[in-house]
Amino acid sequence: MLGTLTAVWNRVFALLGRVSMYRVVYLALAALAVISLVLSFFDLVGPDPLELVVTLAVLAAVCVGVDAAAQSILRLPWRIESSLITAHILLFVLRPTLDLTALAGIAVAGAAASLSKYVLAWRGRHIFNPAAVGATVLTLLALVWPALGSSAWWVGTPALAAPVIVLGLAVLWRTEKIRVVAVFLVVAVAVAVLRTSAQYNLAGLEIDGLTVFWQVLWSSPFLFLGAFMLSEPLTLPPRRWQQFLVAGIVGVLAGWPIPLGDISLGQERALLIGNLVAFAFAVRTAVRLTLAARATKTPTVQELTFRVQDRLSFVPGQYLELEVPHAHPDARGTRREFSIASAPEDLPLLRVAFKESSTSKPQSSYKKALALVGEGERLAITGVWGDFVLPKRDAAPILMVAAGIGVTPFISQLRHLRATSEDRDIVLVYVASDASELAYRADLETAGIPVIVFTRDEPADLPSTWLWARGVRLDADGLLRIVPDIAARHAYISGPAGLIADLAPALERARSITTDAFSGY
């Protein structure tokens, strides 16, 4: 059963991977807006159809306008999807209206949300969720001028629960934050149930705990807050345990709002506090890079070497997000994730690698733009993330499985181990189309670890520690055959989602499984 679920997970991930994370979020929110509009004709949601349309139009116009002006002044690439995402989130957080004064308040919230990306920022990266900032600003202004309105979170209604779950799962699948948001939901719902039950008890009333649970789950904004706001990668810390901690903090504060005078630490304020905790874990910055060199590693793999201009820290096995601004980007946008191929000890030089598009597949706009970047030109890293890292204290043996360009995080780890003179029992299974596509062969030979190679043709001059898996098919049975002690090893696999799904029955026998699926550029 677990193998089947893993296979489904990876197939869906591969499908969603063809569209940029930002576009998946925007399309999900746009679909939710359309669903809400339909439901409004039947009085199944709070706002009426005209209120929804007018409010969204105001928010979209303000957010797009403010972002366009700010990005023009700061000479940043215009990202209309980011503006529309902010507008759509605010649509569900604020109270849609036709009242001119309240619409002015909504416009102020939209402007504050967009401006926060540039004003409440640290070295090019915003600290807070923009929509949460906009809603909080409106709440504070309403203390002086109540007619401006305030946040309403009308999205928390039973009629929208199912659409939010389905569309939210698509977003969380793409951002790989299902477990993080699950922690938030469990904590928020549990705390809210305790709070509601306590309030009934204090009032001398009795209520069934199960009834409270379902009311909280289906009628609260927790589902929307978790899927579309807490999951924003830019305002989460880089490591998973840190993300779980932030999710728990936000869950407690959202589930049991703390009154502070005339306001409370409600949904959006709870998220802002979580954003601050995340920022404390990793002071986010846009790290500037200068392209120092290009190198051909195999007939289809290119390596880029950058010189880092700012302070950068990472753990071997993590990945970075590299932005390449260009005109007319396709559905996947101007940012891509690359596993880091160099070790921290190699800084200020930083290396990444990518596979060039085949002639049978159309080349993405990103890859075309990346090919035009010349030596000496500057780009920027917009973040470093990932938990594809080796255990620190566990000396248990390691199994690495790499497919093609998926070898890059292992190169970073092996270079780090060599630089720190750390000895680990490691076996690498390396899959490539043919012998000429074995990237970073020199680094692997220097590492001196056993390598089992799966290629159509036999590589020449194999070191004594290398083995060509002649006649062995790399599936679950084949992996168990060539790595008979897999149950004693921590398994790490980096490659296409399909390969991970095929090997899942064998990998489940390992002491642990850590995956690094990718879907190409």
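## Fold, cavity and buried helices

The protein chain has 17 helices and 16 strands. Its radius of gyration is 25 Å, close to the 24 Å that the globule rule gives for 521 residues, so the chain is as compact as a globular protein of that length. The model is predicted.

### Overall chain

Whole-chain values come next.

| Property of the protein chain | Value |
|---|---|
| Box filled by C-alpha atoms, along the principal axes | roughly 80 × 55 × 40 Å |
| Buried residues | 54% of the 521 residues |
| Accessible surface | about 22900 Å² |
| Part of that surface on carbon and sulfur atoms | 61% |

Take the contacts between residues at least 6 apart in sequence: 70% of them join residues at least 24 apart.

### The cavity

How many cavities of 30 Å³ or more are there? The count comes to 1. The space in the largest cavity is about 50 Å³. Helix H7 (158-175), helix H9 (209-219) and helix H10 (222-230) are the elements that give two or more residues to its lining. H7 gives the most, with 3 residues.

The lining residues fall in two stretches of the numbering. One group holds Val 155, Gly 156, Thr 157, Leu 160, Ala 161 and Val 164. The other holds Leu 217, Trp 218, Ser 220, Pro 221, Leu 223 and Phe 224. By class, the lining has 9 nonpolar and 3 polar residues.

### Helix H17

Helix H17 covers residues 497-507. Is this helix enclosed or open, and why? Of its 11 residues, 8 are buried, so H17 is largely enclosed by the rest of the structure. The buried set in H17 includes four alanines: Ala 497, Ala 501, Ala 504 and Ala 506. Leu 499, Ile 500, Leu 503 and Leu 507 are buried too.

An α-helix has 3.6 residues a turn, so residues three or four places apart point the same way. Buried residues of H17 with such spacing include Ala 497, Ile 500 and Leu 503.

### Ser 114 in helix H5

Ser 114 sits in helix H5, residues 100-119. Its relative accessibility is 0%, so Ser 114 counts as buried; the cut-off for buried is under 20%. What does Ser 114 touch beyond its neighbours within four places in sequence? Its contacts there are Cys 63, Val 66 and Asp 67.

Terms used. Residues are numbered from 1 along each chain as its sequence is written. This is a predicted model: local features need pLDDT of at least 70, side-chain atom pairs count only at pLDDT 80 or more; totals for chains, interfaces and linings use all residues. Side-chain values use heavy atoms; hydrogens and water are left out. On a 1 Å grid over the protein atoms alone, a cavity is a set of points where a 1.4 Å probe fits but cannot get out, and a pocket is an open set with protein on both sides within 12 Å along at least five of seven lines; lining residues have an atom within 4 Å of a point. Grid points are joined across faces, edges and corners, and a volume is the space filled by probe spheres set on the points. Ala, Val, Leu, Ile, Met, Phe, Trp, Tyr, Cys and Pro count as nonpolar, Asp, Glu, Lys and Arg as charged, and the others, Gly among them, as polar. The radius of gyration is taken over C-alpha atoms; the globule rule is 2.2 Å times the number of residues to the power 0.38. Buried means under 20% relative accessible area, exposed over 50%, partly exposed in between (1.4 Å probe, protein chains only). Contact means heavy atoms within 4.5 Å. Accessible areas come from the Shrake-Rupley method with a 1.4 Å probe; for residues, only the protein chains shown count as cover.
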